[in-house]
Amino acid sequence: MILPKSTRLAPEQVAEITAIVGEFGCSIQPIVGAVRTIYAIVGDERDELMINRLEGLDYVERIDRIQSPFKLMDRRSDLATHRIKIGGVTLGEDLAIIAGQCTIDPKNPNFFLETAAAVKEAGAHVLRGGVWKPRTNPYTFQGDNKSIEILMEASRQTGLPVDAEVMDEEQLKMALDAGVHMLQVGARNALNYSLLRSIGRAVAKRDTVVLLKRSMHMGSLSEFISAAEYIAAFGNPNVVLCPRGTAPTLDGYRCHPDESITPLLKEKTWAPVIVDPSHSVGKAAYVPACALAAIAYGADGLCIEAHVSPSHGIGDDPKQALTPAVLAETIAQARQIWALRHSAVAGS
Ligand code: PEP
Ligand code: MN
């Protein structure tokens with residue numbers, strides 16, 4: 001919909017916009033109001049270049065799009081009935097829990113193997129473990145290729161599918177070759193469009209699930225969903241959105257908690273939402289409340305950092321990881337909120 005700056009466009013201006021949209025297979029339909037005439041774009045109005053050219057005209061106030069820019073991830077798309085399954089859970093139907101260490105310590109693999117067993121016992125469906133880590137400080141531990149073996153050994157021992165972050169094509173290939181079930185796109189790479197494309201291409205003919213974190217600097221909902229569209233566009237729609245807190249922070253929390261984003265996302269996309277409370281609030285003591293709030297807001301699941309002995313962990317684990325006992329309690333409470341939410345919906 002083209003909204004002009006004036007009450008109606010001059011004939012030569014209508015001719016100009018008609019010519020522009022015509023190049024993209026669209027036409028113009030004026031809608032004459034009492035005070036103002038607006039101009040509907042008839043046809044597929046999703047071409048970014050067409051919109052940019054129209055927005056560049058000095059007599060155009062703005063363009064309001066009726067169609068969503070994301071063809072596949074839109075809640076009105078044919079894919080809306082697609083269901084993603086992992087770890088025995090169908091996302092959206094049952095509460096899904098991803099849990100495990102921020103970082104696998106290759107020098108102490110037993111911690112990870114014990115954590116894996118403990119998170120399974122606590123009720124997790126997917127085991128997370130950081131093999132390669134995006135660290136702000138270049139002198140801190142960056143991860144280790146060897147940890148992929150530890151991750152897969154933990155998967156074998158527990159029977160849980162595993163989630164690991166990949167930051168480049170080399171790691172992507174190693175993770176897929178090893179059999180990682182869920183690839184995590186971290187907050188720092190959430191807008192790395194070449195990586196999103198590479199992941200989309202690599203998972204196209206697999207049943208791999210991609211956990212797409214929300215960038216901490218990410219603005220709009222559309223930006224987040226469009227990042228998911230980049231992956232799905234290659235043919236695998238198993239993309240899960242993962243809000244994890246944004247900048248600027250609330251004093252005391254690592255990031256600004258964004259778990260309240262879920263209802264807004266659900267209005268636009270069918271993609272499941274799994275909230276990561278650990279990176280959002282950044283401190284173990286605050287994680288349970290954030291996790292429960294996320295479920296109350298409608299999240300389909302949680303991604304929580306946990307460790308059998310947080311003080312012996314590396315990366316974020318010493319400050320963020322829940323102990324297995326707190327994780328079990330948080331999952332139990334999250335299930336109660338999930339049940340309440342579903343009974344409330346059924347009763348309304
Ligand atoms: C992580 O999951 O350990 C991580 C680094 O997350 P994020 O990309 O959300 O910071
Ligand atoms: Mn972490």
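User: What makes strand S2 and strand S3 a pair, and do they run parallel or antiparallel?

Analyst: A pair needs at least two bridges found by DSSP. S2 (residues 27-32) and S3 (residues 37-42) share 6 and run antiparallel, so they qualify. Pro 30 sits opposite Tyr 39 in S3, and a hairpin of 4 residues makes the link from S2 to S3. Keep in mind that this is a predicted model: local features need pLDDT of at least 70, side-chain atom pairs count only at pLDDT 80 or more, and totals for chains, interfaces and linings use all residues. Residues are numbered from 1 along each chain as its sequence is written, chains are lettered from A and ligands numbered from 1 in the order they are written, and side-chain values use heavy atoms, without hydrogens and water.

User: What is the strand order in the open sheet of 8 strands? And why are S12 and S13 at the edges?

Analyst: The order goes S12-S11-S10-S9-S8-S7-S14-S13, with parallel pairing. S12 (239-242) and S13 (274-275) each have a single partner strand, so one side of each lacks a neighbour in the sheet. Strands here are DSSP E runs of at least two residues, and helices are H or I runs of at least four, numbered from the N terminus. Inside the sheet, S9 (residues 162-165) and S10 (residues 182-185) pair over 3 bridges, and Glu 165 has Gln 184 as its bridge partner in S10.

User: How do you know that helix H4 packs on the sheet?

Analyst: Contact means heavy atoms within 4.5 Å, and H4 (residues 147-158) touches S8 (126-129) and S9. Its direction makes about 165° with that of S9, on a scale from 0 to 180 degrees between N-to-C directions of axes fitted to C-alpha atoms, for helices over the stretch in contact.

User: What makes Arg 244 a polar contact of ligand 1?

Analyst: The cut-off is 3.5 Å between N or O atoms. A polar side-chain atom of Arg 244 is 2.6 Å from a ligand oxygen, so that passes. Gln 184 comes in at 2.8 Å and Glu 305 at 3.2 Å, also side chain to ligand oxygen. Ligand 1 alone exposes 300 Å², of which the protein buries 98% (Shrake-Rupley, 1.4 Å probe).

User: How many aromatic pairs are there, and why is Tyr 193 with Tyr 230 called stacked?

Analyst: There are 2. Rings pair with centres within 6.5 Å, and planes under 30 degrees apart count as stacked, over 60 as edge-to-face, the rest as tilted. Tyr 193 and Tyr 230 have centres 4.6 Å apart and planes at 25°, so stacked it is. Tyr 193 lies in helix H6 (residues 193-203) and Tyr 230 in helix H7 (residues 221-232), so the pair ties together parts 37 residues apart in sequence.

Note on methods:
Polar contact = N/O pair within 3.5 Å; in protein donor to acceptor, adjacent residues only side chain to side chain. Phe/Tyr/Trp six-rings, centres within 6.5 Å; stacked < 30°, edge-to-face > 60°.
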